[in-house]
Structure formats: C-alpha cells, structure tokens
Amino acid sequence: MTSLDTATIRRKTADILRQRGWIKDDYLADSGNPGRCSLCLVEAIGQAAGLPPRALSLGSRPRMQEANPNLSDQFAAADNTIDELAAALGRKPSNVQPPRDWLMDWNDDEGRVFDDVLAALEAGEVTQ
C-alpha cells in the first residue's frame with residue numbers, strides 16, 4: 001500500500017463497501033468467497049488499510065499482530081482512521097468504550113442505513 005493516511009483509507013473503505021456490500025451485527029458475511037462477502041464498517045476499514053480479514057476483531061488481533069509484525073503500519077492506520085471517524089461522529093474523548101467498539105455499535109444501530117455510513121466516510125459528519 002503506498003499511502004496509509006486516513007483520507008485515503010476512508011475513500012478505499014467507501015469503495016470496498018460499494019463493491020462488496022455493507023452489513024450490521026457481524027464483521028463480514030461469509031459467502032464462501034472472501035473477495036465477495038459483505039462487510040461492516042470496521043472490517044472494511046481494516047481491509048482498506050491492507051489488513052487481512054477479521055484482523056481487527058478482538059480475538060484475532062493479538063494473534064494477527066504477533067504473527068505479522070510487518071503489519072504494524074496497517075494496524076496503526078486502521079486505528080487512526082477509526083479514532084478519527086468515531087470522533088467525527090460524536091464519540092467523546094472521555095468515553096471509556098474503545099473507539100473500535102464504539103464505531104461497531106454506531107454501525108449496528110437499529111436505525112443505521114448504508115447512506116449514513118457512506119456520508120460518514122465521505123464527509124466525517126453524520127447525524128447520530
């Protein structure tokens with residue numbers, strides 16, 4: 001990956017979600033074809049940053065980081081993008097919930113629609 005800045009990752013995330021589809025309540029919908037399954041916002045950010053599938057999931061991340069120390073830049077870029085997006089969407093710095101978890105809850109909100117996700121990625125501003 002040539003650029004790991006948050007603006008680039010946000011654009012790539014939107015492209016990935018448009019191509020593959022967006023879901024709630026899971027990281028990805030296993031269609032039997034990893035290149036074709038729908039993704040949640042957090043999973044799409046990870047893949048846009050160059051991480052393998054499910055790298056940002058709580059159980060996978062420690063093993064993934066240990067097994068792939070060369071992915072440290074990609075993990076940092078995904079974390080920066082998640083932090084930036086969660087803050088833009090209203091997560092307060094005093095919130096004890098990690099930004100990744102907060103963003104997953106935002107993604108999974110009952111009233112959330114795909115247009116909200118795209119607007120967040122493209123502008124960083126969405127009504128909660």
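1. Contact here means heavy atoms within 4.5 Å. On that basis Leu-41, Val-42, Ile-45 and Gly-46 of H2 meet Ala-78, Thr-81, Ile-82 and Leu-85 of H4. The residues of this contact divide into six nonpolar, two polar and no charged (Ala, Val, Leu, Ile, Met, Phe, Trp, Tyr, Cys and Pro count as nonpolar, Asp, Glu, Lys and Arg as charged, and the others, Gly among them, as polar).

2. This is a predicted model, in which local features need pLDDT of at least 70 and side-chain atom pairs count only at pLDDT 80 or more, while totals for chains, interfaces and linings use all residues. Residues are numbered from 1 along each chain as its sequence is written, and side-chain values use heavy atoms, with hydrogens and water left out.

3. H2 (residues 41–48) and H4 (residues 72–88) pack at about 140 degrees, their axes 9 Å apart. Helices are DSSP runs (H or I, at least four residues), numbered from the N terminus; axes are lines fitted to C-alpha atoms over the stretch in contact, and angles run from 0 to 180 degrees between N-to-C directions. The angle makes H2 oblique to H4 (under 35 degrees is roughly parallel, over 145 roughly antiparallel, 65 to 115 roughly perpendicular, the rest oblique).

4. Most residues other than glycine have a negative phi. Asp-25, not a glycine, has a positive phi of about 65 degrees. Asp-25 lies in the loop between H1 (6–20) and H2 and is exposed, at 62% relative accessible area (exposed is over 50%, buried under 20%, partly exposed in between; 1.4 Å probe, protein chains only).

5. Arg-54 also has a positive phi, near 65 degrees. Arg-54 sits in the loop between H2 and H3 (61–67) and is partly exposed, with a relative accessible area of 30%.

Definitions and conventions: Helix = DSSP H or I, 4+ residues; strand = E, 2+ residues; numbered from the N terminus.
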